[in-house]
Number of protein chains: 2
Amino acid sequence: MIWYRSDFIFIYQLLRKQLPTFAVQIMINITLPDGAVRSYESGTTALEIAKSISEGLARNVLAVKVNGEIKDLTRPITSDSRIELLTWDNKDGKSTMWHSSAHLMAEALEYFYPGIKFWVGPPVENGFYYDVDMGDHQISSDDFKKIEEKMLELARKNNVFIRKERSKAEAAQYFLEKGDEYKLDLLQNLEDGTISFYTQGNFTDLCKGPHIPNTGFIKAAKLTAIAGAYWKGDEKNKQLTRLYGITFPKQKELEEYLTMIEEAKKRDHRKLGKELDIFIFDDDVGPGLALWLPNGAILIEELEKLAKKTEQRAGYKRVKTPHLAKENMYLTSGHLPYYAESMFPPMVMDGEKYYLKAMNCPHHHKIFGSLNSSYRDLPIRLAEYGTCYRYEQSGELFGLMRVRSLNMNDAHIYCTEEQFAAEFRAVNDMYLKYFKIFGIEKYVMRFSTHSAEKLGKKYVDQPELWLKTEDMVRRVLIESNIPYVEVPDEGAFYGPKIDVQVWSAIGREFTLATNQVDFAVPARFGLTYRDSDNTMKTPICIHRAPLGTHERFIGFLIEHYAGNFPLWLSPKQVIVLPISDKYNDYAKEVCASLLHADIRAHVDERSEKIGRKIRDAETQKIPIMLIIGEKESTENKVSVREHGKGDQGAVSLPDFVKNIRELIEAQTA
Amino acid sequence: MIWYRSDFIFIYQLLRKQLPTFAVQIMINITLPDGAVRSYESGTTALEIAKSISEGLARNVLAVKVNGEIKDLTRPITSDSRIELLTWDNKDGKSTMWHSSAHLMAEALEYFYPGIKFWVGPPVENGFYYDVDMGDHQISSDDFKKIEEKMLELARKNNVFIRKERSKAEAAQYFLEKGDEYKLDLLQNLEDGTISFYTQGNFTDLCKGPHIPNTGFIKAAKLTAIAGAYWKGDEKNKQLTRLYGITFPKQKELEEYLTMIEEAKKRDHRKLGKELDIFIFDDDVGPGLALWLPNGAILIEELEKLAKKTEQRAGYKRVKTPHLAKENMYLTSGHLPYYAESMFPPMVMDGEKYYLKAMNCPHHHKIFGSLNSSYRDLPIRLAEYGTCYRYEQSGELFGLMRVRSLNMNDAHIYCTEEQFAAEFRAVNDMYLKYFKIFGIEKYVMRFSTHSAEKLGKKYVDQPELWLKTEDMVRRVLIESNIPYVEVPDEGAFYGPKIDVQVWSAIGREFTLATNQVDFAVPARFGLTYRDSDNTMKTPICIHRAPLGTHERFIGFLIEHYAGNFPLWLSPKQVIVLPISDKYNDYAKEVCASLLHADIRAHVDERSEKIGRKIRDAETQKIPIMLIIGEKESTENKVSVREHGKGDQGAVSLPDFVKNIRELIEAQTA
């Protein structure tokens with residue numbers, strides 16, 4: 001008798017599914033992010049899995065994502081699962097540690113201020129906070145140091161975060177006895193059967209978790225701010241004290257963070273944007289709607305020139321579309337009703353609703369649809385610096401980073417399945433080219449995929465196309481040697497998504513751009529091309545925006561360069577500084593030569609001392625100052641001074657013009 | 001006793017105003033458009049005034065504008081007036097003749113079809129129409145010829161248009177007897193005391209006039225179309241017959257007109273726009289909202305490049321502003337409520353109304369306001385290719401000529417009074433430069449001024465500033481030798497206005513652009529600059545848009561060039577045509593050299609005969625075809641063929657690239 005593989009599978013299924021009460025040790029399959037599948041006994045914890053991979057990993061792992069849900073490392077896993085072990089390098093790993101750090105801070109606070117009561121203490125983008133009713137106690141930033149020290153002392157005890165599940169009645173009893181009206185209020189909205197407590201050391205909290213295994217992971221702690229916060233955000237309620245903090249697994253990381261924060265304050269794009277006359281907001285125009293001043297418009301023009309040249313050479317074609325369309329188009333695209341909350345409200349005209357565009361894709365689809373393309377015409381790459389409008393709550397708006405009007409470096413590539421990989425690779429290459437131009441050294445692509453369980457709900461129900469395109473994307477990322485992380489269950493409705501994250505010169509992280517693969521919406525628009533076999537086929541569409549929006553990208557660049565834009569990008573490239581009025585005429589001649597060579601130059605004709613003129617030019621961060629005196633004007637020379645670098649010596653005017661034009665063309669420095 | 005001038009004025013006023021019943025022959029002052037004042041006896045007619053100026057003028061004058069109102073030449077003028085004698089060269093002169101021609105056509109129709117009844121017969125942009133109830137008569141375009149001949153026969157009788165004023169009762173009696181329910185209907189809406197009849201030859205019509213003196217002015221007549229038209233535009237009413245016609249003072253002008261119409265049909269921008277893939281409209285996007293295809297976007301990009309370069313060299317600074325703003329800004333600017341009907345309906349967001357911008361000025365004012373300028377900074381010239389949205393009734397929309405989204409070559413110049421003349425002259429010079437580039441040979445500036453009586457109503461109440469700026473504008477126009485006509489009482493609310501009218505290569509007239517002087521709105525926005533005496537002053541603002549909107553300008557250019565765009569502007573500049581597949585590789589090399597030199601080129605790789613390839617390239621109106629065969633590929637040459645001109649001989653590839661780049665840079669051909 002020959003045993004076939006299918007027989008084993010049958011028996012296995014019998015054991016696992018048909019006879020679940022059968023008392024045998026059941027094995028489960030654990031799929032790791034790289035696709036590797038390992039077999040473990042049911043009930044194994046993620047910490048044990050980490051240990052089975054490497055001791056080092058086990059020492060660094062903070063939490064685990066099981067089938068997309070973040071959990072404690074110590075909870076047993078009892079069925080086939082896709083898991084991701086979360087370390088400090090992972091956003092969710094950080095969040096978990098910061099959430100645990102909020103509990104640790106609470107423990108320290110309770111030590112110093114017995115009887116205080118706690119509301120909520122979540123992790124935030126950089127650290128965590130806890131809202132506290134301090135009772136009769138007083139607290140100020142003067143107390144931060146002792147709290148930080150106590151936190152570290154408690155952390156060193158390696159106290160384990162112990163989870164206990166409780167019935168609603170038990171939980172209520174506990175807080176009634178404690179006299180904690182805040183937690184009782186929280187409890188009201190929880191359902192019986194979902195209630196858990198976490199305890200570490202002497203502190204117990206109502207909390208759904210997850211937490212890091214023990215406090216020992218926290219090696220550095222800093223309280224960063226204190227503020228008032230109305231209970232539940234309602235100013236009719238009592239004001240609580242909100243204490244912000246941040247923690248790190250290494251003291252050195254805290255120090256680096258503090259340096260970065262200090263530097264980021266100096267480079268704040270809102271502050272520099274104002275000082276360098278780049279943009280304004282105006283109450284009568286509206287929040288989140290930037291008005292670009294002449295210096296800002298130069299940045300925009302230079303970026304657009306770069307993008308247009310780059311895209312033209314890469315075979316893109318430009319289009320130009322209106323900023324609005326009828327409701328019907330957005331019903332077709334699915335923006336209505338799914339994306340309605342992020343869209344501006346409609347205008348009713350001639351009995352129809354018109355919406356401002358929140359994305360350019362539907363308009364581009366309409367253009368592709370009008371082209372009657374054959375397979376010979378594909379790929380067709382339609383590019384536009386289209387301005388989109390998205391509704392953000394006014395409280396969410398933040399300088400150029402969160403706005404309502406977005407000037408987007410947009411394009412849509414329509415291609416066949418066979419062309420997809422090459423097109424996607426070319427898009428990535430374009431990203432890398434831009435990163436080089438802008439001196440972006442650290443970047444990562446966050447590759448979001450679908451979840452098989454949510455097909456037909458969160459994701460378009462085409463399982464094969466999902467797997468196929470995800471596989472193509474993954475392969476290109478690997479082959480191109482691009483650093484990436486894969487995030488299950490965060491894809492777009494219509495296909496896998498790549499968020500491009502970059503780090504500024506001071507190490508702050510920005511999400512600048514999104515690439516999306518779309519194999520669903522083209523069909524909704526009835527887009528087709530005539531294939532070589534004379535049948536009509538639906539193209540795949542790649543949505544891409546390497547330079548993101550002007551708003552966010554320029555906000556990033558201001559911080560990245562600290563306002564010291566490279567020569568080619570700088571709104572003011574050269575300032576001519578005559579050392580006295582006597583040399584104004586020659587200074588103007590010099591300026592005219594520069595303007596003629598399309599160099600952005602002007603003369604400081606004020607009757608000020610040269611020292612003052614230089615100081616003012618340095619404040620304006622103008623890359624090049626030309627000092628003009630007797631020697632220069634008689635010898636047709638200019639004395640060159642570079643911003644932040646000082647005197648570079650004298651050079652003949654024609655040589656200077658030639659050199660600087662070369663520097664500008666090279667888009668370096 | 002010495003008589004002073006004031007004494008005479010006193011006596012004169014006594015005679016004219018204090019004692020109006022005094023039976024003396026009163027003299028009136030007639031002000032001509034050039035500002036000259038002539039004295040005539042009260043009761044003089046405009047025809048007599050024309051005769052007093054020149055017999056030639058009297059022979060050509062068709063009607064008169066008295067204080068802004070068009071009147072018959074034969075009506076007596078009885079008070080001081082500003083008059084303009086209207087000839088065929090004047091829009092209102094044409095309208096008057098065409099209105100009279102509608103009466104003439106009616107007379108001819110009544111001759112052939114007794115008993116027919118007339119509804120209304122107005123002049124239109126090109127000619128006139130009359131809506132007629134033909135009763136039992138049949139009429140078709142076959143009858144046009146006999147009607148035209150009859151019209152000319154009647155015209156040759158030099159029948160005078162005789163005006164008679166009638167009471168409402170008399171008029172009603174007349175049409176009751178005639179059994180004309182249409183004119184009775186018209187009569188219902190007229191007030192007693194305002195009712196007049198006009199008679200020429202055998203035709204009498206209820207009509208408020210005015211008319212030309214007699215039918216003899218009409219020397220050429222053409223019926224152009226016949227159509228059905230529901231009475232009062234309501235499809236529940238009876239369908240009348242609408243007959244269109246046009247007339248001219250010379251037979252030659254009719255012939256030229258017919259040639260132009262024929263040519264205009266071939267050059268129709270909607271037809272060529274489709275054939276050359278320049279733009280589309282889409283039902284789901286909305287009427288009047290053009291989507292620019294890749295070829296159209298190239299035209300846009302080239303025009304913007306030209307404008308940006310020109311404006312940069314003229315000292316303009318670019319800005320970029322959102323497409324909407326809060327209601328409050330448009331209340332400040334006065335767009336609300338005065339311009340509300342031309343604006344898109346509001347969006348209600350966060351409890352506030354937001355409007356799409358119909359003009360860029362308020363946003364630019366906000367930017368100027370943020371700059372804290374001193375007199376040293378002025379003039380400040382803020383430029384933007386801003387997209388504005390204006391509501392036009394859907395029935396008014398027409399191709400690219402009447403649209404709802406307008407990409408405007410806009411700029412606002414903020415200057416002192418002293419700087420105004422020079423700035424305004426520079427703007428005019430820029431117009432002339434563009435006219436030269438685009439081969440626009442015929443143009444006229446229509447200079448609209450205020451009306452003293454309407455100060456504080458239609459016009460901002462600053463009489464001195466009106467006179468002063470109008471005088472400055474007039475002086476610049478005269479000194480610059482620019483052809484212009486002055487039109488009283490058509491200025492903007494906030495200052496004098498110049499509409500720029502140009503004629504396309506086939507002699508059709510287009511209004512492309514508007515210049516406006518604005519000495520009112522800057523104050524409403526509280527705009528100031530610090531003057532040399534340290535006081536805050538309000539700048540004058542010049543609104544200017546020499547290239548108008550992309551929509552209208554490109555529409556014009558399509559007709560002007562019949563789609564044969566000059567090389568620098570052409571979406572496709574060069575097509576490379578291998579005479580067989582054997583030469584495809586060399587053709588691709590040639591193409592790559594061209595692309596590298598930023599020349600828009602592509603290869604026709606189809607396996608078609610060279611004759612077919614050439615024909616297709618000619619249809620696409622590609623300026624230059626390069627024929628590639630054995631000789632060319634072995635000698636590294638290209639054989640040049642120009643669109644519409646044929647073979648230009650062979651040339652080495654590097655020479656060709658150099659020559660064509662020079663042609664493109666020169667923006668000629």
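**Figure 1. Interface of chain A and chain B.** The contact (heavy atoms within 4.5 Å) draws on 54 residues from chain A and 54 residues from chain B. The structure is a predicted model, in which local features need pLDDT of at least 70 and side-chain atom pairs count only at pLDDT 80 or more, while totals for chains, interfaces and linings use all residues. Residues are numbered from 1 along each chain as its sequence is written, chains are lettered from A and ligands numbered from 1 in the order in which they are written, and side-chain values use heavy atoms, with hydrogens and water left out. The size of an interface is often given as the accessible area lost when the parts come together. Here chain A and chain B bury about 4,700 Å², 60% of it on carbon and sulfur atoms; buried area is the accessible area (1.4 Å probe) that two parts lose on being put together, summed over both.

Figure 2. On the side of chain A that touches chain B, helix H10 (residues 294-313) of chain A gives the most, with seven residues. Helices (H or I, at least four residues) and strands (E, at least two) are DSSP runs, numbered from the N terminus.

**Figure 3. The open sheet E11-E12-E13 of chain A.** Three strands of chain A make up this open sheet, in the order E11-E12-E13 and with antiparallel pairing; two strands pair if DSSP finds at least two bridges between them. Strand E11 (162-165) and strand E13 (203-206) of chain A are the edge strands, each pairing on one side only. From one strand to the next the twist averages 25°. Strand E12 (residues 196-200) of chain A is joined to E13(A) by four bridges, and Thr199(A) stands opposite Thr204(A) in E13(A). Helix H4 (residues 91-112) of chain A packs on the sheet, where it touches E12 and E13 of chain A, and its direction makes about 125° with that of E13(A). Axes are lines fitted to C-alpha atoms, for helices over the stretch in contact, and angles run from 0 to 180 degrees between N-to-C directions.

**Figure 4. The hairpin of E34(A) and E35(A).** Six bridges hold strand E34 (residues 637-642) of chain A to strand E35 (residues 646-652) of chain A, and the two run antiparallel. Lys637(A) stands opposite Ser652(A) in E35(A). Three residues lie between the strands of the hairpin, and Gly644(A) in the turn has a positive phi of about 80°.

**Figure 5. Two cis peptide bonds.** The bond from Leu378(A) to Pro379(A) is cis, with omega near -5°. Pro379(A) belongs to the loop between helix H13 (361-370) and strand E22 (380-389) of chain A. In chain B, a cis peptide bond joins Leu336(B) to Pro337(B), with omega about 0°; Pro337(B) is placed in helix H12 (residues 335-338) of chain B.
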